Amino acid sequence: MWRLTTSEGGGPWLRSANSFLGRQVWEYNPDAGTAEDRAEVDKLRENFTKHRFQRKESQDLLLRLQYAKLNPLPANVPAVKLESSAEVNEQILSASLRRALNKYSTLQADDGHWPGDYSGILFIMPIIIFSLYVTGSLNTVLSPEHQHEILRYIYNHQNEDGGWGKQVLGPSTMFGSCFNYASLIILGEKLDVDNDGLAKGRSWILSHGSATAIPQWGKIWLSILGVYEWSGNNPIIPELWLLPDILPIHPGRFWCFTRLVYMSMAYLYGKRFVGPITPTILALREDLYDTPYEQINWDKARDSCAKEDLHYPRSRVQNILSGCLNKFVEPILNYWPANKLRSRALSNLMEHIHYEDETTNYVGKCPINKALNMICCWVENPNSDAFRQHLPRFYDYLWLSEDGMKAQVYDGCHNWEIAFIVQAYFSTNLIGEFGPTLQKAHEFMKKSQVLKNQPNYESYYRHRSKGAWALSTVDNGWSVSDCTAEVVKALLWLSKISPNLVGDPITQERLYDAIDCLLSFMNKDGTFSTYECKRTTSWLEVLNPSESFRKIVIDYPSVECTASALDALVIFKDMYPQHRSGEIEKCIKNASLFIEKSQRKDGAWYGTWGICFTYGTMFAVRGLVAAGRTYDNSYSIRKACSFLLSKQQITCGWGESNISSDIEDYVDSGNPIAVNTSFAMLALIYAGQLERDPAPVYKAAKLLVNMQLETGEFPQQEHVGCFNSSLYFNYANYRNLFPIMALGELRSRLLQNKN
């Protein structure tokens with residue numbers, strides 16, 4: 001059986017900055033578990049496969065099965081289901097919350113964080129498979145048991161039309177279909193009469209234009225794999241990195257995700273690297289095209305993209321630039337003496353790639369740039385220590401659920417979720433009953449702070465990191481503005497509680513480091529982006545070559561990041577008025593103005609990092625209220641309340657489709673979603689709705705109570721995580737923490753009124 005391990009690691013090729021704290025790895029032991037255990041796991045898997053077209057989201061049931069045995073639930077408060085005539089009161093809320101918190105505390109890992117399935121994007125696992133295959137490492141890293149579960153996952157998420165989407169929630173695309181089909185072939189599946197899944201997958205690809213119509217990232221990866229020609233790609237010029245970094249088009253000024261991914265892509269493009277041409281690759285060359293491979297017009301394929309994948313069409317500026325690069329610049333750079341410049345550019349890129357690998361302990365910023373970096377290290381020296389240190393870190397990205405083994409979008413989101421989880425516990429006013437849980441969470445957050453800057457970080461275009469928190473772990477180490485802000489808020493709240501209950505507070509010195517780092521993220525106008533300040537002008541987005549992803553060139557400021565920072569700084573200023581109060585006051589003022597100016601005419605705020613208007617509006621209202629805005633003195637707050645109340649369903653809840661993010665207009669999901677309902681409830685509670693007309697909030701709370709499962713948890717429904725308005729995925733803990741927070745805030749308000 002499989003078992004999740006946390007905060008473990010060892011061996012000659014694994015390194016860690018803080019003893020692998022937070023590392024999550026699924027391990028297989030053929031002798032573990034009883035026959036009954038294995039039968040239960042098989043039943044969960046069969047049930048998912050049977051209903052996979054009706055419910056695409058897995059429930060993370062294998063984790064829950066393991067933790068139920070490790071942390072048996074104490075006698076639980078009986079479930080409450082409210083009749084239509086019943087009203088919500090403090091007693092009902094208390095019973096619901098105790099059930100939820102008792103169960104939720106059993107899902108906490110020994111190291112203090114809450115592990116979970118942070119997945120939903122269907123092209124990441126193929127990228128990992130491709131990188132291992134071209135470096136001859138596939139069977140070294142992925143055991144037969146791993147490969148069996150990966151096959152299960154790919155087949156489970158094949159759409160009824162035979163294709164695969166680029167994410168679990170979405171229609172079939174050329175990107176997702178080619179990648180997952182190729183992965184199946186590489187893992188040993190055979191295209192024959194007995195494999196209907198493969199046949200349907202190939203049929204979808206060929207009927208939608210073949211792999212020549214795959215978008216840019218797909219073209220690059222298929223070129224690396226050897227099933228697409230490099231001549232069918234628009235140039236990714238390595239020499240761009242040699243420009244003076246003061247120029248706005250220098251890649252060091254791009255958003256860090258884009259910068260890092262295209263950095264290693266540029267290296268592999270400059271090398272024209274192609275993996276071994278094996279019989280498997282030759283077979284894929286036949287399967288993925290409706291024309292013999294040798295007869296494909298790669299010049300024509302270069303500008304081809306399937307309509308299902310085209311979310312960001314190439315601009316006229318790009319077409320002109322690409323034409324010039326293809327016809328003039330690239331041919332010159334491949335011949336003496338200009339090829340000397342190419343050699344220098346590639347050496348420069350490898351220096352940056354090694355820096356990224358070493359400063360992230362070979363975890364990488366994300367699985368995409370990690371996989372690319374590993375190939376680059378292998379191309380440079382297949383026997384290098386750098387290559388070997390990459391291999392065991394792939395396990396950090398693999399997650400197992402009843403739908404199979406998948407690749408996460410990051411190595412976790414520990415710090416982001418744990419900060420909100422602690423805030424959720426606080427909201428209930430029941431923290432005295434859950435001291436051990438909060439103490440473990442408290443210790444995890446304190447140990448997860450990044451304590452120093454990376455060496456020469458500015459030379460490698462990194463932001464400062466001393467005092468920050470990463471999204472996931474210290475080993476990843478990439479500091480994030482809103483993660484830092486939310487953890488600071490949680491730590492400040494914990495510092496007000498007796499150490500006998502929750503442990504010693506963070507030291508003032510480290511808290512000041514956190515605030516100093518948070519302020520360093522502030523843009524000149526008082527706004528906040530994600531990993532760095534905004535470094536260049538927004539017009540450069542016209543150079544976005546991806547075709548599939550929007551808003552990836554610039555680290556744009558967002559309402560959510562700005563509101564999180566604002567909220568934390570307000571609390572900190574009240575508790576520590578002696579530290580940088582003037583700068584903080586100015587930041588609060590400018591951040592509030594940005595949030596108000598970002599509001600749409602209908603009263604909503606667009607959410608960049610979640611689905612979508614309920615999410616963005618919750619953050620915006622929370623930030624504005626922290627800055628002193630109220631329903632009475634703020635037109636923005638009044639408009640926000642009107643918007644949310646206008647979207648409340650006949651069910652009394654809220655449900656928002658991920659299509660909202662695509663079209664930038666509110667789209668109702670048709671059914672209530674517990675997390676969206678919680679977002680809306682929280683915004684209304686923060687805005688003082690209970691003092692004006694509590695009925696909408698009470699009705700929504702009643703719906704949440706009735707949605708609560710017999711286990712005490714809330715249901716896993718549609719994925720509500722969003723990445724830059726382009727990709728949708730799962731935050732495993734949102735299903736519980738936000739309903740707990742919403743019901744907890746309501747309970748606390750009722751208690752205040754009662755007192």
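Reader: What makes Ser 131 count as buried or exposed?

Author: Ser 131 has a relative accessible area of 0%. Buried means under 20%, exposed over 50%, and partly exposed in between, with a 1.4 Å probe and protein chains only. Because 0% falls under that limit, Ser 131 is buried. A word on where this comes from: the model is predicted, local features need pLDDT of at least 70, side-chain atom pairs count only at pLDDT 80 or more, and totals for chains, interfaces and linings use all residues. Residues are numbered from 1 along each chain as its sequence is written, and side-chain values use heavy atoms, with hydrogens and water left out.

Reader: Which residues are in contact with Ser 131, leaving aside its neighbours within four places in sequence?

Author: They are Trp 221, Ala 371, Met 374, Ile 375 and Phe 394. Contact means heavy atoms within 4.5 Å.

Reader: What lies 2.8 Å from a polar atom of the side chain of Ser 131?

Author: That is the backbone oxygen of Ile 128. A polar contact is a pair of N or O atoms within 3.5 Å; within protein, one must be able to donate a hydrogen and the other to accept it, and residues adjacent in sequence count only if both atoms are side-chain atoms. At 2.8 Å, this pair is within the limit. Ser 131 itself lies in helix α4, residues 124-134. Helices (H or I, at least four residues) and strands (E, at least two) are DSSP runs, numbered from the N terminus.

Reader: Which residues of helix α11 are buried, and why are they said to be on the same side?

Author: In α11 (residues 279-287), the buried ones are Ile 281, Leu 284, Arg 285 and Asp 287. They cover an arc of only 165° around the axis, so they lie on the same side of α11. The arc is that of the directions from the helix axis to the C-beta atoms. On the other side of α11, Pro 279 and Glu 286 are exposed. The cover over the buried residues includes α4, the helix of Ser 131, along with α7 (174-186), α8 (196-207) and α9.

Reader: How many nonpolar, polar and charged residues are in the lining of the largest pocket?

Author: There are 20 nonpolar, 8 polar and 6 charged residues. Ala, Val, Leu, Ile, Met, Phe, Trp, Tyr, Cys and Pro count as nonpolar, Asp, Glu, Lys and Arg as charged, and the others, Gly among them, as polar. Lining residues have an atom within 4 Å of a point on a 1 Å grid over the protein atoms alone, and a pocket is an open set of such points where a 1.4 Å probe fits, with protein on both sides within 12 Å along at least five of seven lines.
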